[in-house]
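Please keep the sequence and the structure at hand while reading.

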Amino acid sequence: MGYSFPEEVLEHVFSFISLHTDRNAVSLVCKSWYEIERWCRRRIFIGNCYAVSPGIVIRRFPEVRSVELKGKPHFADFNLVPDGWGGYFYPWICEMARAYPWLEEIRLKRMVITDESLELISKSFKNFKVLVLSSCEGFSIDGLAAIAANCRNLRELDLRESEVEDLSGHWLSHFPDSCTSLQSLNMSCLLSEVSFSALVRLIARSPNLKTLRLNRAVPLEKLSTLLHRAPQLVELGTGAYSAEIRQDLLSNLTEAFAKCKELEGLSGFWDVVPFYLPAFYSVCSRLTSLNLSYATIQSPDVTKIITQCPNLQRLSVLDYIEDTGLDALSLSCKELRELRVFPSDPFVADANVALTEQGLVSVSEGCSKLQSVLYFCRQMSNSALTTIAKNRPNLTCFRLCILEPRAPDYQTLEPLDHGFGAIVDHCKQLQRLSLSGLLTDRVFEYIGNRAKKLEMLSIAFAGDSDLGLHFVLSGCESLRKLEIRDCPFGDKALLANVSKLETMRSLWMSSCSVSLGACKWLSQKMPRLNVEVIDEQGDLDSRPDSCHVEKLYVYRTVAGPRLDMPSFVRTMNQNPAYRR
Amino acid sequence: MPPPLLGIDGDDHGHVSLMTSASTMESIFPKNAGLTERNYLGLSDSSSVDSSAVSGISDVKRSNLNLKATELRLGLPGSQSPERDPDADLVSAESLDEKPLFPLLPSKDGICSGSQKTFVSGNKRGFSDVNNKVSSCAQTTMINDAASKVVSQDQTHATFGNNNKVNTSNPPAAKAQVVGWPPVRSFRKNILATNAKTNDEVDGKPGPTALFVKVSMDGAPYLRKVDLRSYTTYQQLSSALEKMFSCFTLGQCGSQGSQSLSESKLRDLLHGSEYVLTYEDKDGDWMLVGDVPWDLFIGSCKRLKIMKGSDAIGLAPRAMEKSKNRN
């Protein structure tokens, strides 16, 4: 009876539905809803750029204003995906330039984007507003200059953690004087200097600038100048936080920070000279977000800061904070939602700081709103994990990295199966989990049985046999992404759970025991999966089927095998019938 | 309760219908085989051949022939790789002679024999390749890994963590680096590395930033990039580069590593190298890597190139002269 209800009304109702999962559900109700929905969908999210082709997307959604794409698998962050693997944005921009003249927003993660593509973006979309390049690469300052010069209404330019080739040349001056629309600029990943005068002028004519993240090359002496021009900032990333000890510099900086009444988030802090830390104390009471993960300051200095931040919700810090600092955190920051503790010296065998499992236990006790944890440490115990689990059943993301692979419970020398089992048992809303330490197949049995909301699981140096993998694949109902390295998982579990793989976005297995023959067999059995074998040893064709593959990346797709692979990546069973 | 996995109780004809149709797979994957307990640190079982490597032997023989010609080693043309003892099984860290694999010209920062074990010298590959049954160098790596990591490899980890007393005779040992472990992003590693260096400097001076240079190789279809500041010696650099570019040179390495393969491979290593590592300096001249002290090198290196030994012969005299002029 859908036709008796005016389309315009339905469209209006749909405009309130923004989550893409909800949108997808709406489109499945009936054919007329599918049609209405596809014409009014404005934002699309594609979690794997190879799962679908630009052509298919554009055919279905003709009126898109915002595109979000992800390319390489997550383990690319840790250099496990060789250069040249793929994730190119160019095919997308070529078609979108033609099909979406009103496109406003592009957000990319782990993709390769060239200067040519950037220039195409800058010239194809009259109303282009937002460009976010997260962990991307392949472009240089020239591409940024094109964006600056041509995007008249640019609101947001965020280069977070991308790798930009810094040729000489200043790109900031390419923003025309008439450009006053900038609200967010994140250039923290740039290695070379920017023209300071161009930066100041840009900031001065951008009254709506809320987020400014400088790069390391912007010296501390110049920070107060910038702050004076932009007292309305909500998020600030400093440059290098060091200078010669000068009292006048400290006073200037303190005064500048004091004028920023809206400041809620701080980051940057490379090369910190502790003398200058008090400059921003006036802001601390308002801070909700603090990223000190580049600040090599010791525990007393860190503690001094965080004890002044009662409203802190997100904290990233180095393990210099130590257990004492985390104790202080648990007492002072009752609003804490997310904690990330990074290792200061990950490649040294012995601990260089007094940070143990106890710090995390304290935080789990004191911070009742804690949901998300990323914690690097050198020792862990089942009892600590169990305590954490019982304290914080509201955890949604738990990533623990014990630096030594296969480290057991340091007190009992047993595997950490029970500890992680407690985590998945108590934290019923857990969506993301990263394991480490000594683990047997038992932990996977716990995970398979209990972690029903788990969407992403990362496994390294764990398990005893295929049984472990089988537990996960057969038990975790919500699993979307599974990434595994250096585990004794072979063909059996994989081949016993082939249909599971189509319900997931992707599976990554490297340095495991999956054979080439199994990959071929899997690909024949499941034509809607791309089974990609990555092998830098060369010459896959002459290998026997029993040979183990170096790296395996399996993902579901409606676009068929991709055509842009380098020589060391092979899709098994390329059947031309499935090409788009 | 998950559905039972076939093969648990020795019953391979389990309820999963997929497997019953794949009878050919049965012959390739022998029942209950291949899942021997693997010690990835190579400690107890230095000859742990993957028992499912049923058809590896012929490939081993085939790859023997190609190895010498196609192997990537970095060193001066005409130089010889040092001898290595393939049976150095579980020798203690002190007695293992950490000879450089790539005989670069001696430089002031003392490449090899320090007790500072920031890497496992003499290895062509890192930890993850120990697990990679395809890598024919797995055995070599395991042996050397075992020797230098004897401290942290204590099977019971009895002295793990803060109470690790075994290594007190040496300064805190740096670990051999497993690729991609711990999972820390490279820009984060760079920051920490440079910060660690600046701790020695006067407070207040900002540290150096990362230093990416392009690395090209004759015949390779694309470039790679490396951050010179993430290494502290030539050894680390050449190991990393070798790992990166091995795919272009090693032909058919395709079998699970067996002891005999690695021994013959070691012998092949002794017969000189095919490729050398060169760099373009600030003056635009191409020089052999290894001429100058490390710090001087990273100060003047603009890009790297792995070229065939024959092409690089002419470089040697100029390089020596230049460094003489500098010194």
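## A helix pair in chain A

In this predicted model, the axes of helix α13 (residues 322-332) of chain A and helix α14 (residues 357-366) of chain A come within 8 Å and cross at roughly 5°. Because angles under 35 degrees count as roughly parallel, α13(A) is roughly parallel to α14(A).

On the α13(A) side, the residues that meet α14(A) are A:D323, A:L326, A:D327, A:L329 and A:S330. Their counterparts in α14(A) are A:Q358, A:G359, A:L360, A:S362, A:V363 and A:G366. Sorted by class, this contact between α13(A) and α14(A) has 4 nonpolar, 5 polar and 2 charged residues.

## Parallel strands in chain A

Strand β13 (residues 314-318) of chain A and strand β14 (residues 338-342) of chain A run parallel and are joined by 5 bridges. Within this pairing, A:L315 stands opposite A:L339 in β14(A). Of the 5 residues of β14(A), 4 are buried, so this strand is largely enclosed by the rest of the structure.

## Aromatic pairs

Over all chains, the structure holds 25 aromatic pairs. One of them is formed by A:W270 and A:Y294, with 5.3 Å centre to centre and 25° between the planes. This pair is stacked, because planes under 30 degrees apart count as stacked.

A:W270 lies in the loop between β11 (265-267) and α11 (281-284) of chain A, and A:Y294 in the loop between β12 (289-292) and α12 (299-306) of chain A. The pair therefore ties together parts that are 24 residues apart in sequence. Both A:W270 and A:Y294 are buried. Elsewhere, ring pairs link A:Y50, A:F75, A:F78, A:W85, A:W508, A:Y553 and A:Y555 into a cluster.

## The sheet of chain B

Chain B has 11 helices and 5 strands. Of its 327 residues, 55% are buried. Among the contacts in chain B with a separation of 6 or more, 69% come from residues 24 or more positions apart.

The sheet in chain B is open and is formed by 5 strands in the order β2-β1-β5-β3-β4, with mixed pairing. At its edges stand β2 (224-227) and β4 (286-288) of chain B, each with a single partner strand, so one side of each is left without a neighbour in the sheet. From one strand to the next, the twist averages 30°. Helix α7 (residues 234-245) of chain B packs on the sheet and touches β1 (212-217), β2, β3 and β5 of chain B. The direction of α7(B) makes about 160° with that of β2(B).

## Strand β5 and B:K308

Strands of a sheet pair through backbone hydrogen bonds, either parallel or antiparallel. For strand β3 (residues 275-281) of chain B and strand β5 (residues 301-308) of chain B, the sense is antiparallel, over 7 bridges. B:D281 stands opposite B:C301 in β5(B).

B:K308 is also found in strand β5 of chain B. The C-alpha atoms of B:K308 and B:Y275 are separated by 4.5 Å, although these residues are 33 residues apart along the chain. Leaving aside neighbours within four places in sequence, B:K308 is in contact with B:D218, B:E274, B:Y275 and B:V276. With 32% relative accessibility, B:K308 counts as partly exposed.

Note on methods. Residues are numbered from 1 along each chain as its sequence is written. Chains are lettered from A and ligands numbered from 1 in the order in which they are written. This is a predicted model: local features need pLDDT of at least 70, side-chain atom pairs count only at pLDDT 80 or more; totals for chains, interfaces and linings use all residues. Side-chain values use heavy atoms; hydrogens and water are left out. Two strands pair if DSSP finds at least two bridges between them. Helices (H or I, at least four residues) and strands (E, at least two) are DSSP runs, numbered from the N terminus. Axes are lines fitted to C-alpha atoms, for helices over the stretch in contact, and angles run from 0 to 180 degrees between N-to-C directions. Contact means heavy atoms within 4.5 Å. Angles under 35 degrees count as roughly parallel, over 145 as roughly antiparallel, 65 to 115 as roughly perpendicular and the rest as oblique. Ala, Val, Leu, Ile, Met, Phe, Trp, Tyr, Cys and Pro count as nonpolar, Asp, Glu, Lys and Arg as charged, and the others, Gly among them, as polar. Rings of Phe, Tyr and Trp (its six-membered ring) pair if their centres lie within 6.5 Å; planes under 30 degrees apart count as stacked, over 60 as edge-to-face and the rest as tilted. Buried means under 20% relative accessible area, exposed over 50%, partly exposed in between (1.4 Å probe, protein chains only).
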